[in-house]
Amino acid sequence: MNQRIETIDSLHQHLQWAIELEHATIPPYLCALYSLDPARNPDAVELVSSVFVEEMIHLSLAANLLNAVGGEPRLDVPAMLPGYPRELPHGSIELSLLPFGPDALEMFLRLEKPEAPGSPAESDHYETIGQFYDAIEDGLRYLCETLGEDKVFSGDPARQVTAGPFHHTAGTLQPVTDLASALAALEEIVEQGEGTSRGEVWDGDHDIFHSDRDEVAHYYRFEELKLGRRYQRGDTPQSGPTGEPVTFDPTGVSPMQANPRRSDNAQIRAAQEQFDNTYCTLLFLLEQSFTGEPALIRDAVKAMFGLKAEALKLLQLSEDDHTTAGPTFHYIDPQQRN
C-alpha cells in the first residue's frame with residue numbers, strides 16, 4: 001500500500017516503524033545463532049552472526065534517521081516485544097523463534113527477499129523491506145523539496161550514534177545530518193539486506209572475514225547456507241553460488257522448542273525471566289543511547305554479551321524428551337525488572 005509520506009509527523013511515524021521492523025528481526029536471528037554449536041557449525045555461526053551485527057547497524061541507522069528529522073526513537077516499550085510468532089511490523093511476513101535449520105532458513109530468505117525491479121514503494125503492508133524503505137526515501141525527498149532541507153533535518157546532531165558493537169562487519173554506522181547522509185543510510189540498510197543495484201549478490205562492502213572477497217548481501221548469505229556453497233566473484237543471482245563448499249552439521253544444533261512459552265518448570269521459568277530482564281535492560285540502554293546519551297551504546301554491547309550466556313544456560317535445560325528450553329522475549333515493565 002503506498003500512501004505517500006507528506007508530513008514530518010508521518011515521516012516520524014514511518015521511521016519509528018523502521019526501528020520496530022529492524023528490531024523484530026533480532027530475536028529470530030539470536031535464537032538461530034544461540035542454537036548453533038560453533039565448533040561443529042563455524043560457517044553457519046559466521047554467516048548468521050554477521051547478519052545479526054548488521055541488523056544492529058540497521059536499527060542504529062534507523063534511529064539516527066529519526067533523530068536527524070527531530071523525532072524521538074522508542075525501544076523500551078511493550079510494542080517491541082508483543083510475543084512470537086508475530087508479523088513483521090506493518091509487513092506481511094511471519095516471524096518465529098526457531099533453532100537453526102531449514103525452517104529458520106526459509107523464514108530468513110523470505111525476510112531478506114530482494115524486491116523485484118520496478119516494484120512500487122510501499123509505505124505500509126509492504127511485500128519487501130526494500131519497498132518500505134523506498135517509500136521513506138520518496139517521503140524524505142518530497143519533504144526536502146517542499147519544506148526545505150533545514151526544516152526537515154531539525155534534529156540535534158549530538159544524538160547521532162556513530163560507535164558500537166560493529167567490528168564484525170564492513171558495514172558503517174554514519175551520522176545522519178542532511179538529505180545526502182540520510183539517503184546513504186537508507187542505501188546501506190537495503191544493500192546489506194538484498195544486494196547492490198537490486199539484482200546483484202554483493203552489498204558493496206568487502207568481506208571483513210575474508211579480505212579477498214566482496215561481502216555478500218544477507219539474502220544471498222542465507223542462500224549460501226541453503227545451497228551449501230559460497231558465492232564468488234562472477235556469480236550472479238541467476239548462476240547461484242559456485243565457490244567453495246559451506247558445511248552444515250545438523251547434529252550441531254540444540255533442539256530448542258519453537259516459539260518457547262514461559263515454562264511450568266521453576267528452574268526454566270526463572271532462567272527465562274532472567275533472560276527477559278537482561279534483554280529489556282538492553283532495550284532501555286539502546287533507547288538511552290539514541291535519546292541523548294550516545295556513549296551508552298557501549299553498555300548496551302556489554303548487555304548483549306550477557307544475553308548469550310543466559311540463553312546458552314536455557315538451551316542446556318530440557319523442556320521435554322525432544323526439546324530444550326529457550327528464551328521467550330517477553331517484555332518486562334521497568335518497575336518489575338531486577
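In these legends, two residues are in contact when heavy atoms of one lie within 4.5 Å of the other. The views are taken from a predicted model.

**View 1. Helix α2 against helix α4.** Helix α2 covers residues 26–34, and helix α4 covers residues 102–111. Their axes come within 11 Å and cross at roughly 145°. The crossing of α2 and α4 is left-handed. On the α2 side the contact is made by P28, Y29 and A32, which meet M107, F108 and L111 of α4. Sorted by class, this contact of α2 with α4 has six nonpolar, no polar and no charged residues. Helix α2 is mostly covered, with nine of its nine residues buried.

**View 2. Helix α1 against helix α5.** Two packed helices are described by the angle between their axes and the distance between the axes. For α1 (residues 8–24) and α5 (residues 129–147), the axes come within 11 Å and cross at roughly 155°. Because this angle is over 145 degrees, α1 counts as roughly antiparallel to α5. The crossing of α1 past α5 is left-handed. Helix α1 contributes I8, L11, H14, L15, W17, A18, L21 and E22 to the contact, and α5 contributes I129, F132, Y133, I136, L140, L143 and L147. By class, the contact of α1 with α5 has 13 nonpolar, one polar and one charged residues.

**View 3. L140 in the largest nonpolar core.** The largest nonpolar core has 104 residues. Within this core the residues with the most contacts are I136, L140, F153 and Y279. Helix α3 (residues 42–68) supplies the largest share of the core, 16 residues. Both I136 and L140 also take part in the contact of α5 with α1. Leaving out residues up to four places away in sequence, L140 touches L11, V69, V152, F153, L179, A182 and L186. Of these, L11 belongs to the α1 side of the α1–α5 contact.

**View 4. N67 of helix α3.** N67 is found in helix α3. Its relative accessible area is 1%, under the 20% limit, so N67 counts as buried. Apart from neighbours within four places in sequence, N67 is in contact with P73, G155, D156, R159, Q160 and F290.

**View 5. E287 of helix α9.** E287 is found in helix α9. At 11% relative accessibility, E287 counts as buried. Apart from neighbours within four places in sequence, E287 is in contact with P73, R74, L75 and D76. One of these, P73, is also in contact with N67. E287 and Q238 are 49 residues apart in sequence, and their C-alpha atoms are 41 Å apart in space.

View 6. V216 lies in strand β4 (residues 214–216). V216 is buried, with a relative accessible area of 7%. The C-alpha atoms of V216 and Y231 are separated by 7.4 Å, and the two residues are 15 residues apart along the chain. Helix α8 (218–227) is mostly covered, with eight of its 10 residues buried. These buried residues are H218, Y219, Y220, R221, F222, E223, E224 and L225. After α8 comes G228, whose phi is positive, near 75°.

View 7. Most residues other than glycine have a negative phi, and most peptide bonds are trans. The peptide bond from Y84 to P85 is cis, with omega near 5°. P85 is found in the loop between α3 and β1 (86–87). H90 has a positive phi, near 65°, and is not a glycine. H90 is found in the loop between β1 and β2 (94–95) and counts as partly exposed at 27% relative accessibility. N259, which is not a glycine, has a positive phi of about 40°. N259 is found in the loop between α8 and α9 (266–290). At 14% relative accessibility, N259 counts as buried.

Definitions and conventions:
Residues are numbered from 1 along each chain as its sequence is written. This is a predicted model: local features need pLDDT of at least 70, side-chain atom pairs count only at pLDDT 80 or more; totals for chains, interfaces and linings use all residues. Side-chain values use heavy atoms; hydrogens and water are left out. Axes are lines fitted to C-alpha atoms, for helices over the stretch in contact, and angles run from 0 to 180 degrees between N-to-C directions. Helices (H or I, at least four residues) and strands (E, at least two) are DSSP runs, numbered from the N terminus. Angles under 35 degrees count as roughly parallel, over 145 as roughly antiparallel, 65 to 115 as roughly perpendicular and the rest as oblique. A crossing is left-handed if the near helix is turned anticlockwise from the far one by less than a right angle, and right-handed if clockwise. Ala, Val, Leu, Ile, Met, Phe, Trp, Tyr, Cys and Pro count as nonpolar, Asp, Glu, Lys and Arg as charged, and the others, Gly among them, as polar. Buried means under 20% relative accessible area, exposed over 50%, partly exposed in between (1.4 Å probe, protein chains only). A nonpolar core is a set of buried Ala, Val, Leu, Ile, Met, Phe, Trp, Tyr and Cys residues joined through side-chain atoms within 4.5 Å.
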